[in-house]
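Please consult the sequence and the structure shown below while reading.

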Amino acid sequence: MPGNGKLHYLMNKKHLLELKNVSVSFSPGIYAIKNVSVSIKPCAITSVIGASGAGKSTLLRSINRMHELYPNIKLSGEISLDGKNIMEMKPIEVRRRIGMVFQMPNPFPAMNIYQNVLSGYKLNKIYLSKAEKDEIVEKSLQDVALWDEVKNSLNKSALSLTVGQQQRLCIARTLALQPEFLLMDDPTSSIDPICTNRIEELMYRLKDNHTIIVVAHNLSQASRISDYAMYLEKGELVEYDISNVMFVAPKDKRTERYITEQIE
Amino acid sequence: MISYQKFRIYIDKFFHVIVYLFSFIALIPFLSIIWTLLKKGLIHVNPNFYTQTSPSATEAILANLSGEIIPGGILNGICGSLYILLITIILTVPLGFFIGVYIHENRKQKFSIFIQYISAIFYGMPSIIIGITVYVFIVKSFHSFSAWAGSVALSVLMLPMIIRATDETLKSLPTYLKESGLALGASYTSVILRVIIPTAKGNLLTGLLISVSRILGVTAPLIVTTLGCSMVNWDITKPTSSITLLIWNFSNNPCMADMVWSTSLFLFIFIIVLNIIAKHIAWKWKITLPHE
C-alpha cells in the first residue's frame, strides 16, 4: 500500500529521472558507462548491481554531476530531471534535488552533530530561525532513527559517533535538505549487520517520499530492499527489471551468470 | 662459528649504537649554542633590557671602561620586529592562502604550474637578493629606508612559505570532504570556506607560526631596506629597527659585543616559544579524520 507521499508523487507524475544514451569516459575511447538508457521508477528503490569496475558508482555520480569535479571525465547523452536536461541546470540545483550518500560515512569533522545535520543549509547560505533549526535537526535525526541515541549529545563532535551512527548522520544531513532523489553508493559497506539492518529499514521508509537509487555490492541486500534492479556489466546496462523478477528469472544470460556466481 | 641468527643480533646492536652515537654528535652543536647563549646572554637580562632602547656607542664605551653592565635595552628592536612582522603578515597571509588554494584546486592549469615554479624558486632564493631588489625598487624610488620596504622584502620571503603550507595542508585533506560538501548543493567557495578551512585551521595556523619564526631570524634584507633606528618608530615610512638588526649592529661594535648574546638569547627564546605554540595548536586542534 503506497503512502501518501507516494500517491502524491504518482498523481502528480513529477520528479522523473531519465537517462538517454548516457556514456561516461575517463579518457578518450575508454568508457566506464556505455549508452545507458533507463527511466528510473519514482518512489521506489532501484538497486544497481554488477561486478567491481562495472560502472555502478560512476553511473550514480554522473546523475548528480559529481563527475564534473574531475575534468578528465566526459559525459555524453542526456540525463533529464522532470524532462529537463540536468546539464542545462545549475549543478547546485541538481545536487540539492538529488542528494547523495557516499560509501564511507563522511561527517564534517569541524562540526558537531547538530551542525552536521544543518550543514546543507549553512553551506547553501539558507538562514533559519533557532526553532526551525531545532525542528529540522530533530526530524532528520528521527527519520534515520538516530535521535534517541544522540539527543543529549548534539554538541559533541560528529566523529565521536560509531561508524554506523556516522553513516546515519550523513543520511540525516542529506535528508535535512529534503531532496527528491537519494543516491546511495553502497552505504552499508563499512558498517556492522545491526546498523545495516537499520539503514535498510530506513530506506524502506524513505521510499514513500523519495526515489532511491542504491549501489549494492551485496546481492542479498539488493534483493531484500529494492523494488527494481539494474545489472551493469563493463559499463553496459544489461538488464533492468522488477528486482524479484530479475533475481528469480533473469532474462539475459549475463545477468544469470553473475547472479549464479554471486550465490555460489 | 657464529650462527646466522646471532650475526643478525650483532648487526642490529651495532646499528643501534651507530644511530645513538650520530644522534648525540648531532646534538653537540645545538647544546653548545644553547649553553653559550645562556651563559653569555643572561648577564644583560634585566627589566631595563626590555623597556629601554639600544644604547649609543659612547654609553657602551663608558660602561665598558667602568666595568659596569652596558645600559639600555632592545625595546626599539622588539617593537620594530613586531611592527614589521605585523605588516608582513597582513601583506602575505591572505594572498598566500588564496594562491595556495588556487594551486591546490587547479594543479594542472598552465598558470597554476607557472605559479608553482615561481613559488619554488622564491622558496630557496637567498634573502639578500630579495633585499637588494626591494632596495632598488622601493628604497631608491622613495628615497628612504622604511618599515614597509622591510615588510615587502620579508613578504617576498614569506609568501612561498604560506603558499606551500596552505597547499600541503589542503593536500592532506581527503577528497571526500569536498565531495560531500558539493553533494549537498553547496557552491565551491562555500565548501572551501565552511568545510575545508575549518577542518584545516590547526595546520594552517601552525604553518603560519613556523613561517613567522623563520622570518623573525632574517637579517640581510632588513639591513638594506629598514636600516635600523635607535628609537622606537611607528612611522611606516621611516627607518625602523628590528631584533636581528640590533644583533648585527651590536656585533659590529666591539664595545657592545656583550649585548649580542643577550639579544640573541631573547630572539632564540621568542622563536622557541612560537614553535611550542605552533606544536600546541597542531596538537590541540588536530582533527582525526574518519578512515585515517
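How many salt bridges does the rule find across the interface of chain B and chain A? In this predicted model, the interface of chain B and chain A holds 1 salt bridge. Its partners are A:Arg61 and B:Glu179, with the closest N and O atoms 2.5 Å apart. Side chains of opposite charge can pair when their charged atoms come close.

**The interface**

Chain A contributes 30 residues to the contact, and chain B contributes 23 residues. About 2100 Å² is buried between chain B and chain A, and carbon and sulfur atoms give 69% of that area. Three residues of chain B, namely B:Glu179, B:Leu184 and B:Arg194, supply 33% of the area that chain B buries against chain A, more than any other three residues. B:Glu179 is also the residue that forms the salt bridge with A:Arg61.

Between chain B and chain A, 4 residue pairs are in polar contact, both residues being at pLDDT 80 or more. On the side of chain B that touches chain A, helix H8 (175–182) and helix H9 (188–216) of chain B each supply at least two residues. The largest share of that side, 7 residues, comes from H8(B). By class, the side of chain B that touches chain A comprises 12 nonpolar, 9 polar and 2 charged residues.

**Salt bridges**

Over all chains, a search of the whole structure finds 19 salt bridges. Two of them are listed here.

| Residue pair | N to O distance |
|---|---|
| A:Arg61 and B:Glu179 | 2.5 Å |
| A:Glu149 and A:Arg168 | 3.1 Å |

**A nonpolar surface patch**

On the surface, a nonpolar patch is formed by B:Leu27, B:Phe30, B:Leu31, B:Ile34, B:Leu38, B:Leu42, B:Val45 and B:Tyr50, which together have about 690 Å² of accessible area. Helix H1 (residues 4–41) of chain B gives the most to this patch, with 5 residues. B:Leu42 sits in the loop between H1 and helix H2 (47–51) of chain B.

Conventions: Residues are numbered from 1 along each chain as its sequence is written. Chains are lettered from A and ligands numbered from 1 in the order in which they are written. This is a predicted model: local features need pLDDT of at least 70, side-chain atom pairs count only at pLDDT 80 or more; totals for chains, interfaces and linings use all residues. Side-chain values use heavy atoms; hydrogens and water are left out. Contact means heavy atoms within 4.5 Å. Buried area is the accessible area (1.4 Å probe) that two parts lose on being put together, summed over both. A salt bridge is a side-chain nitrogen of Lys or Arg within 4 Å of a carboxyl oxygen of Asp or Glu. A polar contact is a pair of N or O atoms within 3.5 Å; within protein, one must be able to donate a hydrogen and the other to accept it, and residues adjacent in sequence count only if both atoms are side-chain atoms. Helices (H or I, at least four residues) and strands (E, at least two) are DSSP runs, numbered from the N terminus. Ala, Val, Leu, Ile, Met, Phe, Trp, Tyr, Cys and Pro count as nonpolar, Asp, Glu, Lys and Arg as charged, and the others, Gly among them, as polar. Patches are made of residues with over 30% relative accessible area and no salt bridge: like charges are joined within 9 Å, nonpolar side chains (Val, Leu, Ile, Met, Phe, Trp, Tyr) within 5 Å. Accessible areas come from the Shrake-Rupley method with a 1.4 Å probe; for residues, only the protein chains shown count as cover.
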